[in-house]
Amino acid sequence: MTPSYHRPASVNEALQLKAKLGPGTVFLAGGTEVNNLHAPRPAALIDLSGLGLNKIEATPAGLRIGAGVTFQQLIEYPDVPAFIKKAAGHMANRNIRNCATVGGQLGANKTCANLIPALMAAEARVVLTDREVPVDQFVAGETSLVLAVIVPTGNRAIGLDHHTRTASDISIITAAASMTVEAGKVRQPVLAIGGVAHHVVRLYNVEKSLEGQALPEAEKLEAMIAAAVQPIDDLRGSAAFKRQLAAVLGARVLNAAATGTCSCKGVR
Amino acid sequence: MSISINLNGSPFILEAEAGENLRDALRRAGILSVRNGCDGEGTCGNCSILVDGRLMNTCLLVVGQVEGRNLRTVEGLAKPRELTSLQTAFIDAGIVQCGYCTGSMLMAAAELLEKAECPTREQVKDALSGVFCRCTGYEQVFDAMNLAVARRKDPATPVEAPKFREGMRYVGSAKGKIDGYLLARGESAFVEDRVRPGHCHLKVMPSPHAHAFIKSIDTSKAEALKGVVAVFTYKNSPDVWYNPAGQGFPEPSPYDRRMFDQKLRHVGDRVAAVVAETPEIAAEALKLIKVEYEVLPAVLTIDEAKRPGAPVIHKAKVEYVVGAPADLDKYNQGVDPREGKIIYQFPIHADPHRNLAASVHGGIGDINKGFAEADVTIERTYESSQVQCTPLEPHIIYSRMEGERLVLHASTQVPSHVRRIIARILSVKENKIRVIKERVGGGFGAKQDMVLEEVAAWATWVTGRDVLYRYTREEEFINSRTRHVIRVKVKVGAKKDGRLTAIHMDLEANTGPYGSHCLTVPMNACSKSLPLFLCDNVRFDVNTYYSNIAPTGAYQGYGAPQGSFAMQLAAAEMARELGMDPLEFIEKNRVREGVVLEILRCLGEGREGTPQLVYTCGLGPALEQGKKMMNWGVKAPSDNPDVKIGQGVVILQQGSGLPGLDSANAAITQFGDGTFMVLSGGTDLGTGLETVAVKLVAETLLIPMENVAVLAADTDSTPFDVGAYASSGTYFSGGAALNAALKMKEMLIKEAADILQEPENNLKLAWPGVVKGLSGEVTYEQIARRTQSGTGHGQLISTAHFITDKGSFPYGAHFCEVAVDTRTGKVRILKYYALQDAGTPINPELALGQIYGGVLKTIGHSLYEEMIYDEKGNCLNPNFVDYKVPQMGDLPDDFKAVLVDTNDPFGPMGAKSISEIACNGAAPVIAAAIHDACGAWIRSWPFTPEKILRALGSVK
C-alpha cells in the first residue's frame, strides 16, 4: 500500500497528526531510512520539511543545528565546526548526504551512525518539543520528535575515526573522544564508540578511570577499551575483530583529543 | 492526485499519490533515465536526478517531497538531438560503456560543474561517490571532467588518448562510441524501455530450501485469483533437459536442469511461476500457492560435497549423446525418478552420483622428476570466495508474439544461443524465434547464461501475452551467475637460481546446483595461468563438485582470476622463499615470443587442444615500463608507525576467443548513395564492439565512419555469431566485419573494372570512397547506382565469417603498492598500474576503460566481496548494503592503465582481446603487496581487515 502523506506547517500540527493517524505513522525527514523500500513500509508519512527546522544559528548555548539540516549542508555551512563536518563526511556518499538529516540520524539511532559519536564527544544537547536532553541520554532511550541539536562552542580538540569496508559502507566501528589536559592530567574525558552495542555508547567507566590521570600508553588504553565493550558477531565481522577495532580506534581518538593532533576543534 | 513540479525547466504535473515512490512515478511519466539497480535501497544511485540543484536518489523520495521543486534529469541536459559539452566529454573520454548509470553520473557531474569552476580530483570523487558503475572503473571520469572544463573555453579541445597505427584514420584512435550518443542522452535503449501497455508480469516463487523435493503443490487458489493469466510448475512445463550456459553446440556443460523441476537444488530455485496483469497480483498469487516439501540436507562446500556418503545433488538418470560408458545401465540402477536426468553431449569425466560435476587431468613432462630436481619446493592452498557479477541492470526479458513468431527483447551476451536453446525447450524451429539484443546494462558473464529468458518465452508462447520478467537485486544474487568457488593447491619446485622445475595445480571447484561451465571455468583457471611460466614438468588436476549454493557460471575472466591468484601468488611466495626479487623471478621464468605452449594440447574445452606458438607477447616492455613507473623496490615512506607499505608485481594472460570453437559472421550491404550498412552478429555489451566493426569497415573501404551504419545482434537481421564471451568480440566478430569489408572491396573493384574497362589489378580504393584506375575513377555512389539499376548486377552485399586455429594471447603486467594499517587491518591501494598488450587497440579509450573496469571490479573481489551463507544455504547478503562493491571512493590513489604496443599477425588490423585479462591481476598482486608490507600471506578472498589481523596475530 502507498502510505498516506502529510506535510504539517507547525510542530503542534505534526504532533497532533502523529497522535491522530495512529500506529504505522512515521515522521519523514530526508527519507533515506523511512523511504527505503527494503524497510517495512509505513502506513502514513508526516513530512517535517514544512516546520522550518533547516536552520543553523549561533546561540549563547552554542551552535543550534536544526533537525532538518542535511549532512551536506553541515559540510558546506561555513560556521559548522570542522569535527562535525568531518563526521558528516563519513556518511556513505554524496547522494545520501544530500538527503539525510541530523534529526533523521538521531531518530534512527543506529549503532553505525557517524554523527552521533561526534555529538557525544562535543557533549551536545538534543532539543525536543518540551525539553532538552544530552545526546547520550537521548540515544539511550528517547524516541520523541527532535527539533534541533545544540553543539556547545569551545576549544577542546575532538578525535574522530571510523572503520568501513568500502568508502560507501556503513561504519562498522566509530569512535570519538574529547578531553581537557591540565598539567599533564586528563580532565572530563568523553569516549563514544559505535558498533559495539545496539546504539552508540559512551564508555563511562573508561572515562572515569582516565579522569585526573596522565593519558596511558596506547596499549593500556586499548586493553581498557577492549574490556569495556561487548560487540557481537555479525556479517561485518566477529566480536573479537570489532573489539580490536574499537580498542585501536578508541585509543587513537583519545590520543588525538589529548594531543590536539586532530585539527578538529570542538567543545569548551 | 496531480502534483505540480518543475521538470527540466518546464511546469509539469505528476499524476501520482503523494506517498508514492518518486522513481516509479517519474518512470511512468516517461522519464526513462531513472534506472533501478538496487530496488529502492538507495545504494546504487542509478536513479539520481537533481532536486533543486542537488543530486538525490529518486528511489529514496516520495512524490510529495518534491512538490513545487525543480527536478532535472539527463533528458533535460541538452536540447533535443543535441549534446552538451559535458555529454560529449563523457563519450570522448570513454566513460560511457553500458550506459545504465550514465544518466546519473552525468547529473552528478553537472551539479559539480555548476558549483566548481575547475573541480579537483577529490571534488569529483565526492560528487560521484554515490553512483555505482560496474563497467568503467571510474578513472576516466577525471579525464571527462577535465575535458568538459577545457571545452567551456575551447569547444574544439581534443580528447587526450593514446594513438596507435600512424596512417590509419580510425583504427587505433579515440573516435567516440557510436551508441554513446543515445546513452548519454538517456534515451530509450534497454529492455525495460521496450514494454508496451497491457503487458503481463511474471514472478517466480523461490525455493525456501537449499535442497528439497516438492511433495505436493496446489496452485488452484492462485489460478482462481482475478488478474492471474497463468501459473506454471513442473507439472505443466516442458519436460526438456538443457543447460542454460551460452556455449557453442554441442556444449561441454551438462544438460542437468528442466524449466521447473520436482527437485529444488538451491534457495531461490524455481518452484512455480505466475503470470499476471500486475506485479501486485503476481505477488499475491504466489502467496496462494501451497507447497509441501521433503527437505533434504544441504551441501554447501567442496569438502561436504566430496565426503563419502554426502547427500547427492543430482542422483539423476544419466544419458550420453556420444561416448556413453559401457556400465551406464548399472550406474543408473535405482535412481529416483524425481531426480530427473542429466544428458551429456560428450563425456566430461563426471560422476554426479557422488557430486562430481566434471573433471580433467593432464600435464607435460615428468612432475616427479621435476620436483626431484628442485632445490626448493613449496605447497600452498589458495581459495576464492563466491562473488557476483552485479550488472546494474539485472537480468530482464520482454517477450511477445508477432503473428506466429516469438519475439524476445533480451539483455543477453548470446542471442544466437538463446534462440537455439529456447527453440529446443519449446520444441519449435529456430526460425519461429527472433531474439533482439537491446543495449545491455552490464553483462560480465552473468548474461552469457540464459537465466530467465526461457520462462518468459514459454509463458508468452502458451498465453500469447506480452510478458515482462525482471530479476530483483536479490534474485540477481541468488539466481543469476557468480564466480565458481575455487580452491587450488599449488606445488612449485625451483632451483636455487630461480628456474622453475615443476608445477602442480590441484584444483577443486564448487559449481553449485547446476553445471553451467562446470568443466570449462575451472579448466580455464589452469589454461590461462600455467602457460605464463616456462616449465618442462607441469601437471594439473581439476575436479568440480555440485552443491546447494547459489548457481555459478561465467564471470569476466572465466576461472582465470582464481587460477592466476593461486599461480601468481605461489610464484611470489617461491621468490620470497628463494630470497629473490619477485620481478627477477618472473623474468627468469616467464613466457616470451617464439615459444610453443605444449601444455595447451591437454587443455582443450572438452576435446584435444592445440599447442600454440606465441607470436606476440608484450610482457617484456610491460614489465620494463611498469618497473620504472613504480619505482620498483623503493616504497613510499609511511608517516604512521602502524601503517606499513608494500609492493607487488604479477603477470597475466587471457585468450582472444576460442580457436577452433568460436565462429562469427558479418555482412555488408551497400546503399544507393554509396554508403554502407554492416550487419554484425557480434554482441556489444557496452564495450564498443559495434564501433570496432564500423571502424574496421571504414578503414578498409577508405570512407568516413559516418558512411557506415551498423546493426548487430538481432537474430532476424544479422548473421550467426556465438556471442560475446571468452574475450572474442574484437578478434572474432571484428574479424568477420573486416573480412566482409575485404570482400566488399573486391566487389567494388570488380564493378569499377567493368565501368572503367580496366583490369582489376590496375584498380585500387582511394579516400573518400572512390575506385581509381589508370584511366579515371569511379565513386562508390556511381557503383551503387549502377549495380542497383534495372540493368545492374544487383546490390553489393558481401558476407564473411571468421574462424581461426590461432590463439592470439593478450599479456599484461600489474604492479601495485599498498598501505596496510597493521592495527586495524585496513588496506589502502596507493598505486595500481595495469600495463597490457591488446595488439592494436582499435578503440584505445574504450580499451583503457575496460582495463580500469576489470581492475576495479577485481579489487572489489580481492578486498570486499563475498556471498555469505547460513548453514541452511540462505545467502545472508544479497544486496548492496551488505555485499560491498567498490565505488568511486575506493579508487587507488594513483591508478593508471597503459596499452603496450604489439601487432598481432592474425587479429583484425593487429588486434587482440582486451576485456577479461584485466581481471586476473588484482588478487595476486594485492596479496603479494600486503605480504611485502606486513609479512602476512592472505591466501583466501576477500583480504578483509579481520583476516589480516588474524594472520598478524592481533585477533585470535
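This is a predicted model: local features need pLDDT of at least 70, side-chain atom pairs count only at pLDDT 80 or more; totals for chains, interfaces and linings use all residues.
## Basis of the description

Residues are numbered from 1 along each chain as its sequence is written, and chains are lettered from A in the order in which they are written. Local features need pLDDT of at least 70, side-chain atom pairs count only at pLDDT 80 or more, totals for chains, interfaces and linings use all residues, and side-chain values use heavy atoms, without hydrogens and water.

## Helix H9 of chain A

Helix H9 spans residues 218–228 of chain A; helices are DSSP runs of H or I with at least four residues, and strands are runs of E with at least two, numbered from the N terminus. Its buried residues (under 20% relative accessible area, 1.4 Å probe, protein chains only) are A:Leu221, A:Glu222, A:Met224 and A:Ile225. Seen down the axis of H9(A), these residues fall within an arc of 165 degrees, so they line one face of the helix; the arc is taken from the directions from the helix axis to the C-beta atoms.

On the other side of H9(A), A:Glu219, A:Lys220 and A:Ala227 are exposed, that is, over 50%.

## Helix H13 of chain B

In helix H13 (residues 453–463) of chain B, 8 of the 11 residues are buried. Among them are B:Trp458 and B:Thr460. Just after H13(B), B:Gly464 has a positive phi of about 80 degrees.

## Contact between the chains

Chain B gives 55 residues and chain A gives 44 residues to the contact, defined by heavy atoms within 4.5 Å. There are 11 salt bridges between chain B and chain A, each a side-chain nitrogen of Lys or Arg within 4 Å of a carboxyl oxygen of Asp or Glu. A salt bridge joins the side chains of B:Asp821 and A:Arg252 (2.8 Å, N to O).
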